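Please look over the sequence and the structure shown below before reading on.

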Amino acid sequence: MTVMSIPNQSEMESYWLPFTANRQFKANPRLFVGADGMYYTAADGRRILDGMAGLWCVNAGHNQRPIVEAIKKAAEQLDYVSSFQMAHPLAFEAASRIAGIAPAGMDHVFFANSGSEAVDTALKIARAYFRVKGEVGRTRFIGRAKGYHGMGWGGLSVAGIGRHRKDFGPLLPETDHLPHTLSLEHAAFSRGQPAWGAHLADELEVLTQIHDPSSIAAVIIEPVTGSGGVLPPPQGYLERLRAICDRHGILLIFDEVITGFGRLGAPFAATAFGVTPDLITCAKGMTNGAVPMGGVIAGDKVWNAFMAGPESMIELFHGYTYSGHPLACAASIATLDVYRDQGIFERAAKTAPLWEEAAHSLKGLPNVVDIRNIGLLAAVELAPRPAGGVARSIEAANLCFDAGVLVRSAGDALVLSPPLIISQAEIDYLFTTITRVLTSLS
Ligand SMILES: Cc1ncc(COP(=O)(O)O)c(C=O)c1O
């Protein structure tokens with residue numbers, strides 16, 4: 001492995017880290033210099049068990065050789081070509097492979113470069129769809145409390161995490177939000193989908209009454225809320241939402257940036273739950289995190305509406321310089337090969353019950369007020385500290401890192417999303433470390 005030099009003081013100053021307390025970080029930087037399988041190598045040589053699959057993205061584990069080799073080969077052959085009025089074969093192959101594992105009737109892939117771009121693309125497709133259909137009044141978007149849809153203006157406008165929105169308003173005006181589905185009172189320590197909460201989907205009916213259904217273009221939700229604290233959908237909730245959207249001609253968008261590509265032991269959450277949206281946004285696991293890539297998978301209804309006009313007409317005035325980048329497409333094809341050849345989704349499905357058992361073994365530890373899990377996702381909700389104190393979840397995540405395990409905090413929860421190749425021994429190590437940390441925490 002090439003030795004990486006540690007940044008000097010001036011380089012430290014130059015880099016503005018995203019979503020980071022820059023000055024605090026630079027006083028004690030957390031540097032990584034390598035990764036393989038389930039582990040990172042830190043600059044001090046420590047091996048760190050990756051309990052987050054990078055950032056919910058490295059589903060097949062780090063340093064997957066077929067993906068690395070495919071990227072190298074693509075870079076040597078065709079470094080770049082625009083996707084505006086031209087193309088290259090790998091883009092078609094990647095799109096067709098992704099459509100091949102998408103739910104039936106979702107056959108068309110528009111490429112972006114991140115989850116945020118995928119979300120903004122999906123929102124724009126939804127509005128443009130109603131324009132081509134002549135329903136020009138359908139412009140409103142409905143998101144959901146605790147939702148995370150990336151950092152573009154569209155995604156932020158439909159997002160439901162207040163702290164992310166606070167500094168940047170005004171956001172898109174024509175939005176509203178469904179309530180979230182978290183209830184410690186009714187559903188704490190549920191395993192998988194909570195039995196309580198399907199009725200919360202009916203809040204969409206209330207919003208249609210407030211706004212007039214013919215003003216609503218789309219509802220966008222994560223089928224499993226991720227960054228907002230891992231909230232599996234209540235049993236029956238997604239089905240109800242789908243039915244209400246259908247009743248009022250509203251498009252349903254599943255933001256599967258986290259749940260796509262095997263996280264729930266199936267290609268998509270839509271497949272796992274048996275509920276098909278009109279548009280799926282994806283990114284992250286699309287290339288196993290190895291090259292930035294995002295996309296929107298469109299259902300045939302949406303696609304056909306765009307393809308009804310004159311053939312010489314550009315159907316969608318939207319796209320990015322790097323849409324369908326050759327390196328990203330090569331990485332995506334190789335990633336899908338890895339998922340298939342190594343049985344990664346099946347492995348996740350098989351590991352999920354062990355994962356659930358291990359996560360729920362934390363019940364009864366100090367300050368643990370809820371544990372949620374689905375597929376290879378879990379959250380351990382900790383009692384909040386009195387206002388002003390550092391959240392227990394932040395302190396716990398830092399202590400876990402010191403003990404060689406990478407997990408994240410989200411609000412008062414510790415969130416876990418390991419590579420889908422995690423073994424029983426690594427699951428044990430992960431939860432034993434968390435147990436030790438939580439037992440030591442005041
Ligand atoms: C559900 C969801 N949507 C969108 C995004 C944004 O993706 P990106 O950070 O690639 O822009 C994320 C990122 O975590 C996400 O979890």
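Predicted model: local features only at pLDDT ≥ 70, side-chain atom pairs only at ≥ 80, totals over all residues.

Residues are numbered from 1 along each chain as its sequence is written.

**A helix with a covered side**

Helices (H or I, at least four residues) and strands (E, at least two) are DSSP runs, numbered from the N terminus. Helix 5, residues 89–101, has 13 residues and spans 19 Å from its first C-alpha to its last, close to the 18 Å expected at 1.5 Å a residue, where the expected span is 1.5 Å times one less than the number of residues. Its buried residues are Leu90, Ala91, Ala94, Ala95 and Ile98; a residue is called buried if 20 or more other C-beta atoms lie within 10 Å of its own, exposed if 12 or fewer, and partly exposed in between, with C-beta atoms placed from the backbone.

**Paired strands**

Strands of a sheet pair through backbone hydrogen bonds, either parallel or antiparallel. Two strands are taken as paired if DSSP finds at least two bridges between them. An open sheet of four strands has the order 1-2-3-13, with mixed pairing. Strand 1 (32–36) and strand 13 (405–406) stand at the edges with a single partner strand each, so one side of each is left without a neighbour in the sheet. The table sets out two antiparallel pairs.

| Strand pair | Bridges | Opposite residues |
|---|---|---|
| Strand 11 and strand 12 (residues 377–382) | Six, antiparallel | Valine 368 and leucine 382 |

Strand 11 (residues 368–374) is mostly covered, with six of its seven residues buried. Strand 11 and strand 12 form a hairpin with two residues between them, and glycine 375 in the turn has a positive phi of about 50°.

**Around the ligand**

Which residues come closest to the ligand? Among the 15 residues that surround the ligand, the closest are Ser114, Gly115, Ser116, Gly150 and Val257, a residue being near if its C-beta atom, placed from the backbone, lies within 6 Å. Helix 6 (residues 115–132) gives the most to this shell, with three residues.

**Backbone details in loops**

Valine 230, in the loop between strand 7 (216–221) and helix 11 (237–248), has a positive phi of about 55° although it is not a glycine. Valine 230 is buried, with 27 other C-beta atoms within 10 Å. Phenylalanine 261, also not a glycine, has a positive phi of about 65°, and its place is in the loop between strand 8 (251–255) and helix 12 (269–273). Phenylalanine 261 counts as buried, because it has 31 C-beta neighbours inside 10 Å. Finally, a cis peptide bond with omega of about 0° joins glycine 169 and proline 170, and proline 170 lies in the loop between helix 8 (162–165) and strand 6 (175–178).
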